[in-house]
Each structure stands twice: as structure tokens, then as C-alpha cells.
Amino acid sequence: MKNKTAPFGLILSAIIVFICMSASWLPIADPIDHSMAHRFRPPESSYPLGTDNLGRDVLSRVIWGGRVSLLVGFLSVFLAMILGSVIGLITGYQGGFVDSLIMRIVDVMMCFPTLILGILFMAAMGQGLTSLIVAIGVAVTPRFVRLCRASVVSIKESAFIEAAKSMGLSDSRIMFRHILPNIMGSTIVMGSLWVGAIIIAEASLSFIGLGVPPPTPSWGRMVREGVEFLSHAPWVGIYSGLAIFVTVIGFNLLGDGLRDIIDPKLRR
Amino acid sequence: MDGTRFESQVEKHGEEVIEVSGLVTEFHIPEGVVRAVNGISFRICRGETLGLVGESGCGKSVTALSILRLIPSPGKIAKGRILFEGQDLLRSPLRQMQQIRGSKIAMIFQEPMTSLNPLFTVGNQIAEVYMEHLDSRYTEAWENSVDILKKVGIPSPQQRAKEYIHQLSGGMRQRAMIAMALACNPKLLIADEPTTAVDVTIQAQVLELMRGLQKKTGAAILLITHNLGVIAEMCDRVIVMYVGQAVEEADGDTLFDYPLHPYTRGLIASIPFPGRKSIKGKDRLEEIPGLVPSMYDLPTGCVFFPRCSEAKDLCKKEAPELIHVKEGHRVACWMVHS
């Protein structure tokens, strides 16, 4: 395979996911265990990435915070993919008035930046991990709806769909068994590209105080807390920022690579 | 319809399978209404093959899709009746129609490569037909699909059933397509240009296969093609279509030996004939002058008169009806009527 960035992105993302998932087995301190005696320790052997304003281990918080960020990233994308595929499938396949109506709603939603929509939904649903996932997931759903609908509209005209109809298959069977697998490729690529963007969205929402409530660590919240001490204790915020950066790079490279592999026009 | 002719038809073949009468299919587009099929009528009996022949865009495929009620939007069946097993398909509920499609009326498409889903194995797709229509379990349906693949002459069907469509050769693909259509032993098989996408040797194999299977199952076949050679090979009766209308109907032999409509004669004359050039020297292949008229703007009178070498004043004014000239031979042309 000529594409070298995709395996790199895959390895990078896999390492990050693996580290964050095994947080409870790693020999690291409790992320919410605070001690006033150990505030603002710079990185040293007992605290590899230092401690924050409450004496909590930054390394531990970066790893545990990654769990929240990745969880939100994956589940939001998953939610958006499912909602987007189902709505896109039905509107694209049935067409007509419902199709126009839903696509206009999608157009309206896409006029707002994802973050603004996320803030709106968070405000409506209140703080919490679940509402964060739902808010971001619903906010990016229109993009998936549009992608899926476009793929469905082109695939439903193909000869094998006509043949499936001539074989007497029901509409739901054609939609979910014959069309859905054909649009999964592009949806998955878009999903992997959006994981990075959603991690940033989660960080942004947490940064403005709309994320997961404290004391649960998340990367965005840690960056915000670190901003206050940036001049004399930069390690408090910088490492979580770095973690966001590396993770987003990893998922974007993976998504780009997947797109190149799946898109036959870019292959060769 | 002529009673005596029909009776002789029934004597020769089995009972009537389908009767289409006065079928009109229209497409409502912003530029106006296009009548893709304009008053086609025919009957097909058990074990009989009816050919629909004509140039591209003359409504052959739309006729076939009308029978299955699969006209793509903005098309609509405006008039007519399609009697199948004593039931009018145009008035059947959709659910019933779906039960008929694939089990009692099945269709073979032109391009097997694009007519089968690239993401599933051949066996899987055929099995799906059994599961839909016979409520079979998957393992049973799989065995049935291996069986039917064997019946259409695919070697090592066990193996081929597990392959994807792109892994099969051209002839194998068309066989797989035929297998899928024949899965539930349909009473009527609609073959829409089944040999257009395959080369000549495979064309012969496919036709041979269809004929063999027809003999075994007694299915009626509606064969759509623009290849008169295929018509001559396969069909008991032929309808020549021109811009959505039947211009001549006859049995296979009569059509080739005594073509009456100028359009039919033109079509037959324009068949390239191997060796003709060397025999007759510089002779050009004959052609029908002009183009098929735009469907938006059909000529008044006989639709063929602008291209007809024998057109008269009457042809421009009034459309000729499809009238019997001999038993089983109908023509729509003033030349023949007078």
C-alpha cells in the first residue's frame, strides 16, 4: 500500500485509545485525589507531568481525561452515524415532500456552527456526560444526513436496485440490506474524520464550562484550568492541550487515509 | 382482439398467462407529457415466446417495467389493463405486486454486472429471493440457490455461489442473473435485452439456456431486443414497436418472409449480412433515413410517415390502425390497408 499516513494515523490513534482505556490498570495516581502539600509541583520523577493547583497528578488526569474525551468523540460520532444513516436512507429513498422538508431542516441546522448548536442543546438538556454526547451527536447529525442522502440517491438509481425491486423485495429490505451496506464506506470515513473534530468540540464546550461537571477530568476542562496558571505552571494545561493535538492528528490522518483507500478515484 | 386467432394460439400452446390490453404509459415532465407506450396490446401463452423489437427509446423496456409496475417517477401508467392469472395487475395492491414480482413474474436485465449487488455473494442474493417468497430458512435457501445455479449450467456451483459478481466471467454472470430470475419458477419471464452485453458465442449459449429452461418449466417469455437475429432465433410471435406503438405483429417466420410495414422492412434490410459486400461489390448497407421523432413532438397522422419512402397524403393526415391482414398478422399502415 502506497499510503503511509493511514497506518501512522491508525497506530497513533490505537496507542492513545489503548492507553486511555487501560487507565484503571496503569500504575498512576488517582486523578481526583488532591493534596494541598503537593500543589504546582513541576514535572519530576514522582509526578512525571507535575501537579495542578489542587495537587492532583497531571499525567493521571490527562489519561483519565482522555477517557472522557474519546468516549464523547466515539459515541457522538456513532450516534450521528446511526441517526444520519437512517434519516438519510429514508429521505433519500422515499423522496418527495418528507425528503424536501428534512433536507431544509438540515440546511438550517448546517447554517449554525457545530459548537453553537452544541451549546444550544447543552443549555436545553443540562450538564452531564450523556447530554454532552447527545448534544454533540445531534449537532453533527445533519452532515451525516446530507452525505448519506446523497449516496442513497445515487445508489437507488443503480441497476441492481431495480433488479432487487423486480425480484419482489420489500422497500425496507432494499433500503437496509441492499443500500445501507453500499453507503457504509463513505459514512465510516466521514465518521473517522469527525472523531477529531468532535474531540475539539468537546474540549471547546468544556473550556467554556459546558462539558462534564467537575471533578471528572476532561481535556478541555484541564486546558481551561491550566490557562490561569500558564505563566508560572504551564504543565497544568499544556499536556492536555498536547494530548488533544496528537489525538486529533491521529484520527485525521486515519480518516484521510481511509478516504483515499475507499475512494477509487484517488486509488492507484 | 380477434377470437379465432387467440383460440388457435391456445391450441398450439398452453393456457394464457398474461394479457395486456391498451397499455398507455406516460411520463409527465416539465416539457409536457411523453407517451412512452401508446396503446400496446398482446397476449402470451404458456411456453410461448413473444418478441418486442424496435429501436432504442421506442418503449420496449417501459412496456416490460409497466407489467411489473416499476415505472420510475415521473412515469405513470395512464390507461390499460394487464391481466395475469385473471387478476388485473394495475389494480392490485402494492404488497400483492411485491409477492408476484420475482416469484410469478421475473425479469432478466441487460447488464448482469450492474444488476447484481456487488457487496453480496451470488448465492446470497439468490437465497434472498427464496427467503422472501418461500419463507425459507437461510441454509435451505442457500441449498436451493446452489441447485438453481447448477440448473443453469454453472460448473462447480457450490464454489461459485460463494463468489462475488465481479469474480465471475461475463457468461457466468448472465447465467447467475437467469438463475436468480428462475429461482421461484416464474410463469412469465421478462428478458430485457438479455444478450446485448455479452459476446456472440455467449449470446448463443444464453439463448440456448433460456429455450431449454422454457421447455422444462413451460414459462412464457417476453423477449425484448433490438437484435432481429435473436428474434428470429427465439420468438413464436413478434411485435415491432415504433415510438411507443405497435406497427406490426406477426409470427416469427411471417415477419421475416413477408414483412408488410415499411419500418419492419427497413429494419430487416439494415441487418448487416456477412459476405454481402464481397458478393455485391460496393453496395452500402441499407438504412432507414431520418431519425426517430422526438417524443414531445410526434408527427400527426402515421408516426412513421416522415421517414417512410412510400408516404402519401393520407399518411400525414390520419393515423392507421393496427388491422388484420391475415391470421395472426396485423399491420398499421395505409399502404397495406388499401
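Which residue stands opposite B:Gly51 in strand 9 of chain B? The points below answer this and describe further features of the model, which is a predicted one.

1. The residue opposite B:Gly51 is B:Val238, in strand 9 of chain B. Strand 9 (residues 237-242) runs parallel to strand 3 (residues 49-53) of chain B, and 4 bridges join the two.

2. Helix 4 of chain A comprises 12 residues (114-125). At 1.5 Å a residue it should span 16 Å, and the 16 Å between its end C-alpha atoms agrees with this. Buried in this helix are A:Thr114, A:Leu117, A:Gly118 and A:Met122. Viewed down the axis of helix 4 of chain A, the buried residues fall within an arc of 135°, and therefore line one face of the helix. In general, residues three or four places apart in an α-helix point the same way, because there are 3.6 residues a turn.

3. On the face turned away from the buried side are the exposed residues A:Ile116, A:Ala123 and A:Ala124. A:Gly126 follows the helix and has a positive phi, near 85°.

4. The contact between the chains takes 14 residues from chain A and 20 residues from chain B. On the side of chain B that touches chain A, helix 3 (94-100), helix 4 (112-115) and helix 5 (122-134) of chain B each supply at least two residues. The residues of that side of chain B comprise 9 nonpolar, 8 polar and 3 charged.

5. B:Ser73 and B:Pro74 are joined by a cis peptide bond, with omega about 10°; B:Pro74 lies in the loop between helix 2 (60-67) and strand 4 (75-84) of chain B.

6. B:Ser156 is not a glycine, yet its phi is positive, near 40°. This residue sits in the loop between helix 6 (138-151) and helix 7 (157-160) of chain B. B:Ser156 counts as exposed because it has 10 C-beta neighbours inside 10 Å.

7. B:Asn185, also not a glycine, has a positive phi of about 55°. The loop that holds B:Asn185 lies between helix 8 (170-182) and strand 7 (188-192) of chain B. With 15 other C-beta atoms within 10 Å, B:Asn185 is partly exposed.

Definitions and conventions
Residues are numbered from 1 along each chain as its sequence is written. Chains are lettered from A and ligands numbered from 1 in the order in which they are written. This is a predicted model: local features need pLDDT of at least 70, side-chain atom pairs count only at pLDDT 80 or more; totals for chains, interfaces and linings use all residues. The expected span of a helix is 1.5 Å times one less than its number of residues. A residue is buried if 20 or more other C-beta atoms lie within 10 Å of its own, exposed if 12 or fewer, and partly exposed in between; C-beta atoms are placed from the backbone. The arc is that of the directions from the helix axis to the C-beta atoms. Two residues are in contact if their C-beta atoms, placed from the backbone, lie within 7 Å. Ala, Val, Leu, Ile, Met, Phe, Trp, Tyr, Cys and Pro count as nonpolar, Asp, Glu, Lys and Arg as charged, and the others, Gly among them, as polar. Two strands pair if DSSP finds at least two bridges between them.
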